[in-house]
Amino acid sequence: MFCLKAMRHGRALLRVSIDNHPQKSDYMLISVGAYVHPQNPVLHQGSSINFSVVGSDDQASGHWHSVNESVIVLHTQSGQAEAVGEGSTQVSFESSNVKLRTTVTVLPGSTLVVDAPKEMLTNVPFPSQGFSFSVKFSDTNDKINTVGSSKGAPYDCRVDPPFVGYAKPWIDLDTGNSFCLFFPYSPEHLVRTIPKLKDMKPYIYVSINASMKEHSHVSGSASALFVGGFSIMQMGKVID
């Protein structure tokens, strides 16, 4: 058992070894202070992502900036970004107290386009059918072909951050349209399993990511605002 004390903002590489032997060592990168989420993402042209600041209350007073807007176009206030061209660039956030940055890489080629639903995402009332994020190819706008597939949908879906809920692929057999269905966890589940959420804002941005099972580099994502509910258990009743 050992303890660490954060002295100032930055990053440090921690090495744990037995008898100071390099071959019997393990490493961990530790960040102190606020940082941009997600860190160093890899996107495909045409996809979108929402950047946020973790560990700071200055996001409302700061602004976002893209070094190369031919690669990434950013909304200066919200952090919503769109990958418009191939290449690599830096995305930065600056306020009166912090200046943060991360590197974004945009890849070319066929991608999946994920579109968020128009309605607000919430878990109050709990959406039994989930929220539908449409999934299709970007270059031809074609539907995803599932003919001859015995393993169901040929793509996977995941949620970021994962503690909010889960997502699963679904194909409408009548229309052939493909979706990622997002199911947020109930307020009771969030309060019971993640008590730290009590100190968080009642809303966050959720990203739904879709990627082809046999070609994981073919992927896409969409972000949407999630307004969460909480519950109070009292006298056998649940009050939202």
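This is a predicted model: local features need pLDDT of at least 70, side-chain atom pairs count only at pLDDT 80 or more; totals for chains, interfaces and linings use all residues.
**Notes on selected residues**

At 7% relative accessibility, S221 counts as buried, where buried means under 20% relative accessible area, exposed means over 50%, and partly exposed is what falls in between, with a 1.4 Å probe and protein chains only. Residues are numbered from 1 along each chain as its sequence is written, and side-chain values use heavy atoms, with hydrogens and water left out.

To return to S221, this residue sits in strand β19, residues 219–227; strands (E, at least two residues) and helices (H or I, at least four) are DSSP runs numbered from the N terminus. The side chain of S221 reaches the backbone oxygen of S48 at 2.8 Å, a polar contact being a pair of N or O atoms within 3.5 Å, where within protein one must be able to donate a hydrogen and the other to accept it, and residues adjacent in sequence count only if both atoms are side-chain atoms. If we set aside neighbours within four places in sequence, S221 is in contact (heavy atoms within 4.5 Å) with S47, S48, V114, I208 and N209.

Let me turn to the aromatic rings. How many aromatic pairs does a search of the whole structure find? The search finds 7, with rings of Phe, Tyr and Trp (its six-membered ring) paired if their centres lie within 6.5 Å, and with planes under 30 degrees apart called stacked, over 60 edge-to-face and the rest tilted. Y166 is partly exposed at 40% relative accessibility, and Y185 is partly exposed at 25%.

Then there are F182 and F226, whose ring centres are 6.2 Å apart with planes at 80°, so that pair is edge-to-face. Because F182 lies in strand β17 and F226 in strand β19, the pair ties together parts that are 44 residues apart in sequence. F182 is buried at 0% relative accessibility, and F226 is buried at 4%. Separately, F51, W64 and F93 form one aromatic cluster.

N123 is in the loop between β13 (121–122) and β14 (131–137). Is N123 buried or exposed? With a relative accessible area of 1%, N123 is buried.

Finally, the backbone. Most residues other than glycine have a negative phi, and most peptide bonds are trans. Here, the peptide bond from H37 to P38 is cis, with omega near -5°, and P38 is in the loop between β3 (35–37) and β4 (42–44). N40 is also placed in the loop between β3 and β4, and has a positive phi of about 50° although N40 is not a glycine. N40 is partly exposed, with a relative accessible area of 45%. A cis peptide bond also runs from D160 to P161, with omega near 5°, and P161 lies in the loop between β15 (155–160) and β16.
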